[in-house]
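Please keep the structure in view while reading the points below.

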Amino acid sequence: MDLIRDVLDNQLVDRSGRKMGKVDGIVVELREGESPRLAYIETGLPTLARRLHPRIARWVIALERRWGAKRGESYRIPWSKVRDVGIDVDVDLNAEATPALAYEQWLRDAIAHIPGER
């Protein structure tokens, strides 16, 4: 499997078929005298920003913390939770039980505080 082509930037889908973001990063574990092992996939704006430049990542983390959207951390999904890699990356998780949808929840709460008709 070509990790960059087949996994990175693909859509993450939970066990119910709910989209939970894109794969923004891949974490490989390096072990002395053994082959590298794929440990995690990451999703989150800090990871995506880090791919561009570390300074951009620090800026994104600071903004996230200031606005209260997230704690400035990406969410790591153990590779053992990945069920299938195809057009989407299917994971054996419930999106609602993870921080992967923190922005969606933050936006939902922010909109709820806007006065007007509902």
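In this predicted model, Val13 stands opposite Lys19, a residue of strand S2.

**Hairpin**

- Strand S1, covering residues 11–13, pairs with strand S2, covering residues 19–22, in the antiparallel sense, and the pairing runs over two bridges.
- The two strands, S1 and S2, form a hairpin in which five residues lie between them, and within that turn Gly17 has a positive phi of about 90°.

**Nonpolar patch on the surface**

- Trp67, Trp106, Leu107, Ile111 and Ile114 form a nonpolar patch on the surface, and together these residues have about 520 Å² of accessible area.
- Helix H4, which spans residues 102–112, gives the most to this nonpolar patch, contributing three residues.
- Trp106 lies in helix H4, and this residue counts as partly exposed because its relative accessibility is 31%, a value that falls between the 20% limit for buried and the 50% limit for exposed.

**Nonpolar core**

- In soluble globular proteins, nonpolar side chains tend to be buried together.
- The largest nonpolar core has 15 residues, of which Leu12, Met20, Val23, Ile41, Ile77, Val89 and Val91 touch the most other members.
- Strand S5 (75–78) and strand S7 (88–91) are the elements that give two or more residues to this core.
- Leaving aside residues up to four places away in sequence, Val91 touches Leu12, Val13, Asp14, Arg15, Met20, Ile41, Ile77, Lys81, Val82 and Arg83.

**The chain as a whole**

- The secondary structure of the protein chain comes to four helices and seven strands, and from the N terminus on these elements run in the order α-β-β-β-β-α-α-β-β-β-α.
- Taken along the principal axes, the box filled by the C-alpha atoms of the protein chain is roughly 60 × 35 × 20 Å.
- The protein chain has 118 residues, and buried residues make up 34% of them.
- When contacts in the protein chain between residues at least 6 apart in sequence are considered, 50% of these contacts join residues at least 24 apart.
- The protein chain has an accessible surface of about 8000 Å², and 54% of that surface belongs to carbon and sulfur atoms.

Methods:
Residues are numbered from 1 along each chain as its sequence is written. This is a predicted model: local features need pLDDT of at least 70, side-chain atom pairs count only at pLDDT 80 or more; totals for chains, interfaces and linings use all residues. Side-chain values use heavy atoms; hydrogens and water are left out. Two strands pair if DSSP finds at least two bridges between them. Patches are made of residues with over 30% relative accessible area and no salt bridge: like charges are joined within 9 Å, nonpolar side chains (Val, Leu, Ile, Met, Phe, Trp, Tyr) within 5 Å. Accessible areas come from the Shrake-Rupley method with a 1.4 Å probe; for residues, only the protein chains shown count as cover. A salt bridge is a side-chain nitrogen of Lys or Arg within 4 Å of a carboxyl oxygen of Asp or Glu. Buried means under 20% relative accessible area, exposed over 50%, partly exposed in between (1.4 Å probe, protein chains only). A nonpolar core is a set of buried Ala, Val, Leu, Ile, Met, Phe, Trp, Tyr and Cys residues joined through side-chain atoms within 4.5 Å. Contact means heavy atoms within 4.5 Å.
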